[in-house]
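The entries follow the order in which I looked.

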Amino acid sequence: MASIVAGIGWHVIGAGMAASFYAPIEKVKRWSWETTWAIAGLFSWILLPIGVSLILLPDFTGFYASIDPHLLLKIALFGAMWGVGNVSYGLTMRHLGMSLGIGIAIGVTLIVGTLVPPVMHGQAGLLFTTHGGLYTMSGVLVALCGVAVVSWAGHKKELQLKGHLEEFNVGLGLLLAVMCGIFSSGMSFAIDAAQPMQDAAKAVGVNPLYAALPSYVFIMGGGAIVNLAYCFTRLAAVKRLSLREDLSQPGLTLRTNALLAATGGIMWYLQFFFYAWGAASIPVSMSYVNWMLHMSIYVLCGSIVGLALGEWAGIRSGLIRLLWVGIIIIIIAANLVGVGMAYGQ
């Protein structure tokens, strides 16, 4: 039971990083979003995964040479799938607004990323025929209710602050949100498919808490290709955007922007660093709950961060109470999953 509590705790820290990583990125001035995102991604998807693996693995090149190339390609493609979801994320926000768009996309990602891996492994029956599985499924459903409540409160907050979204389009927005949610689940599929790499890392002496981290080189590398291709294509094709102009800012601005973007990128990576710790602390038989915990706690932490940063200042008290109802529902969901994992031990 102690390891389960520790696992949920690590997921809370990871989800907190996920909910907060954009705060420093938002403070970047006089740079295009594409340049900022590319610099942040250089740290989160390339430098940190490779740097951490260089530290962990006794023979960096030998380790990856020993892995089946088909497996490396598979997890890289799942990473690229996540990259497509990440690129479509912005379009979802554009047509549904941030809170409603995030809520629907996260809800779809939570369902697909949680349920598909056990189905692929022939474990779907465990979700509906065991006490642990039933508690876990209850947790998933309750978490979806919590995400819906938080998202609706956030949507109403946006309308109160900004009025009607100019490009609000329910049909197109829902299509993009579902697409974003499905493709973003690629990260869950990649982590699941990379289990043989985790076993190989343990076999060469890597601590089980860190065993998932070497697989991130290929998972995040696949996502990096899609994201960076999008950013640099935009920088080259859109006349008002210029990488050269962004990098020609005065020295202080350049250093400040680079530091803020790098900080955001490091925080983004740390969400999955602690995700690995959380997953390592949860029974293997219940590994499918990791994604559900990460995504639901992500929404919970995002709401708390928004409150802490004053984003709800001046909002009607009824909406703030509704937000707290959603937060409490998600906390209940996490406890249901915890009970399910206790039964699964």
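**Pocket and cavity entries**

I noted that H14 gives the largest share of the lining of the second largest pocket, four residues. I took helices (H or I, at least four residues) as DSSP runs numbered from the N terminus. The model is predicted, so I kept to local features with pLDDT of at least 70 and side-chain atom pairs at pLDDT 80 or more, while totals for chains, interfaces and linings use all residues. Residues are numbered from 1 along each chain as its sequence is written, and side-chain values use heavy atoms, without hydrogens and water.

I worked on a 1 Å grid over the protein atoms alone: a pocket is an open set of points with protein on both sides within 12 Å along at least five of seven lines, a cavity is a set where a 1.4 Å probe fits but cannot get out, and lining residues have an atom within 4 Å of a point. A volume is the space filled by probe spheres set on the points, which are joined across faces, edges and corners.

The second largest pocket has a volume of about 610 Å³. Its lining has 26 residues, with Gln 195, Gln 198, Val 284, Ser 287 and Asn 290 nearest the centre. Helices H6 (98-120), H10 (186-193), H11 (195-203), H14 and H15 (289-308) each give two or more residues to this lining. I sorted the lining into 15 nonpolar, nine polar and two charged residues, counting Ala, Val, Leu, Ile, Met, Phe, Trp, Tyr, Cys and Pro as nonpolar, Asp, Glu, Lys and Arg as charged, and the others, Gly among them, as polar.

I then found one cavity of 30 Å³ or more; the largest cavity holds about 50 Å³ of space. Its lining includes Phe 21, Trp 37, Trp 45 and Trp 268. H3 (33-56) supplies the largest share, five residues. The lining comprises six nonpolar, four polar and no charged residues.

**Helix packing entries**

How do H10 and H11 pack? I read an angle of about 45 degrees, with the axes 4 Å apart. H10 and H11 are therefore oblique to each other, since angles under 35 degrees count as roughly parallel, over 145 as roughly antiparallel, 65 to 115 as roughly perpendicular and the rest as oblique. Axes are lines fitted to C-alpha atoms, for helices over the stretch in contact, and angles run from 0 to 180 degrees between N-to-C directions. Ile 191, Asp 192 and Ala 193 of H10 meet Gln 195, Pro 196 and Gln 198 of H11, with contact meaning heavy atoms within 4.5 Å.
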